[in-house]
Amino acid sequence: MNHRQTIAHIDINRNYLPQNYQLKNWNLASVKGVRTINSDSIIFFGGAGIWLTKSNFDNWKPLMNGIPQGSDYRKIFDLEETPNGMLAATRFGLYWLGKGENRWVKLHLPPNDEFCTSIEVAESNIYITTRNSIYCTSAQTLQFTPIDLKAPLGAKKGISTFRLIWNIHSGEIFGIPGRLIADLVALVMIFLSITGFIYFISPKIIKRHHDSFKFHKLKRTTRFSYQWHLKIGAIASLLLIVSGLTGAFLRPPFLLFIANGNITLNNKSVSSSYYWNDKLRDLVFDRYRNRFILASSDGFYYCNDFSESMVKFAIQPPVSVMGVNVLKPLSDGCFLVGSFSGLFRWNPDTGESTNYLTGEKHTYQTGLKRPIGEQIVSGYASISGSEYLFDYDKGILSIKQEGKVITMPNAIAQSFRFPLWNLAQEFHTGRIFGFLLGDFYILVVPLTGLSLVLIVLTGFVIWYKRKYLN
C-alpha cells in the first residue's frame, strides 16, 4: 500500500467482490462533478473517469484517450474548460485536451508533486492545486509557476493528531526510509504468521501420527519456526507494537478520540512550504468578494492576493475528516460545501451553515462526534437548472425531487473496475468484511491492532524468559 503507483494499472473485476462494491445509480464516488460544454454536450467526471453524453443523457462515450489504463489512473478530481481546451486533475498528474484534439497529454509538474486536487479558472489565469502547492499558468502557455503560498500569521509548527498517527503508521514521518521500514514490518508480520501457524499445528500432527510416519523434516521445520519466530518477533517487537496501536487509532471507535486533535510541535514560526505540505484540497475564487478561498485538511482560509498571508475563517463549515468533496460558489455569495458529513450552505461572512437539503441550521458539536452524516456526499452537479448530489452509498439523488432521472449506463459500470490498491485498502481497513459482519466490521481493525500488541508483548516475555531466565 506504500507504493500505490506501482500497481495503479491493475484492476479487479467487481463481480468477484461483495455486493456493496457493485456499481448502481452512480454510487461509490463514480461522479464528482459535471461540466456542461454546450447545449447538447455534457461531461461527467469522477471515479469512473470522463464520459461525454448528450443533454438527453443518451449515447455515452468515454473521453480518456491518452490517460493511462487503470481505474486508479483515471480517477478525476476536477475538470475545467478553458478557451483553448480542457484540463483534468488526477492523482498521478495533470492532463490537457486541446480544442479539436482527441488525446489527453500529460503536463509537466514536479515529479514529487503530481497529486492534483483542483483546477480554478479565474480571469485570465489558471490555478492548479496539488496536495502540497498551488501553480499558476495561462491557457496559452501552460507553463506552471509555483505560488509562494504564505502561511497564516503566527502559524506554529504543528500537525493534526490524525495526520501524525497516519504518518507514523505508514512510515512517512521518516520519508522513504520510513516507508521501507513499514514495508519490512509487513514482511515480518507475514513471517511471524506463517512460522507461528507451523509451530501451532505441527506438534499436534506429530503427536497424532508419530507411530505411522517419520517426521524428520517436519520436526526440523518446527524447530526452525519456533526459534526464528521468537528471535524475529523480539527484534521487531517495538515496531510491531507501534504499527498495531497506530492502526487501531486510525479506525472507529478510537478514531473519534483523535479526529479533531492538533499537536503543536514547537512555538517557532514555520516555513510556508512545511505548513501547507500535504494539506491542500481545493481552491476557488470568490468573485462576490474578490478573494481566494482555500480548503485544506485543517480548515478553510482566504486571501485577497497570494502575496498576503492566508487567514483562517473564524467559523468553519462542517467537513468530514475525510475531506471536502464539493466547494461551489452560489449566486448569493454563499458556498456549497459537501463532504461525508453532508451538504451545507455556508456563509463565509457570518460563519453560519445550513443543511442544503432541509434548510436546518447546523449546530456545532463538541467532544466525540460521528465522522459521517446522513448524506455521504462524494459529488454534486447542476444540470439544466436541476441539482443533484452524489451519495457514496446511494448514488445520484435529485435535491429538489424534480430533476430528470439519469440512469447509469452498463458501459460505465463495467469499465469502472476496482483498483488493486483499493482492494488492499479494503482488507487493511476491514471494510471488506462488512457483508459478513454488518456495522461491526469497524471493530476488525481496532481489535486486530490490540490483539497484535498483546501477542507481541506476551511473545517477547516468553523469549526473554527462555533466553535470560532459564
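**Entry 1: a buried pair.** I began with Arg-291, which counts as buried because its relative accessibility is 10%, where buried means under 20% relative accessible area, exposed means over 50% and partly exposed lies in between (1.4 Å probe, protein chains only). Its salt-bridge partner is Asp-286, with 3.7 Å between the closest N and O atoms; the term requires a side-chain nitrogen of Lys or Arg within 4 Å of a carboxyl oxygen of Asp or Glu. Asp-286 is buried too, at a relative accessible area of 2%.

**Entry 2: provenance.** I note that this is a predicted model, in which local features need pLDDT of at least 70 and side-chain atom pairs count only at pLDDT 80 or more, whereas totals for chains, interfaces and linings use all residues. Residues are numbered from 1 along each chain as its sequence is written, and side-chain values use heavy atoms, with hydrogens and water left out.

**Entry 3: further salt bridges.** How many salt bridges does the structure hold? I find 18. The pair links distant parts of the chain in the case of Arg-4, in the segment before S1, and Asp-72, in the loop between strand S5 (61–62) and strand S6 (76–82), 68 residues apart; strands (E, at least two residues) and helices (H or I, at least four) are DSSP runs numbered from the N terminus. The side chains of Arg-4 and Asp-72 meet at 2.7 Å, N to O. Arg-4 is buried at 12% relative accessibility, and Asp-72 is buried with a relative accessible area of 0%.

I then looked at Glu-352 and Lys-361, whose side chains form a salt bridge at 3.8 Å, N to O. Here Glu-352 is partly exposed at 37% relative accessibility, while Lys-361 is exposed, with a relative accessible area of 58%. Elsewhere, salt bridges that share partners join Arg-131, Arg-163, Glu-172 and Asp-278 into one network.

Entry 4: Is Ser-170 buried or exposed? Ser-170, found in helix H1 (residues 161–170), counts as buried because its relative accessibility is 9%. Leaving aside neighbours within four places in sequence, Ser-170 is in contact (heavy atoms within 4.5 Å) with Asn-2, Gly-178, Arg-179 and Ala-182. I also checked Leu-107, 63 residues from Ser-170 along the chain, and the two C-alpha atoms are separated by 29 Å.

Gln-22 lies in the loop between strand S1 (11–12) and strand S2 (33–38) and is buried at 15% relative accessibility. With neighbours within four places again left aside, the contacts of Gln-22 are Arg-14, Asn-15, Leu-17, Asn-27 and Leu-28.

Entry 5: Helix H10 (residues 444–469) has 26 residues and reaches 36 Å from its first C-alpha to its last, close to the 38 Å expected at 1.5 Å a residue, the expected span being 1.5 Å times one less than the number of residues. I list Val-445, Pro-446, Gly-449, Leu-452, Val-453, Val-456 and Trp-463 as the buried residues of H10.

A nonpolar surface patch of about 640 Å² is made by Phe-435, Leu-436, Leu-437, Phe-440, Leu-443 and Leu-447; patch residues have over 30% relative accessible area and no salt bridge, and nonpolar side chains (Val, Leu, Ile, Met, Phe, Trp, Tyr) are joined within 5 Å. The largest share of this patch, 3 residues, comes from helix H9 (residues 434–437). Leu-437 has its place in H9 and is partly exposed, with a relative accessible area of 41%.

Definitions and conventions. Patches are made of residues with over 30% relative accessible area and no salt bridge: like charges are joined within 9 Å, nonpolar side chains (Val, Leu, Ile, Met, Phe, Trp, Tyr) within 5 Å. Accessible areas come from the Shrake-Rupley method with a 1.4 Å probe; for residues, only the protein chains shown count as cover.
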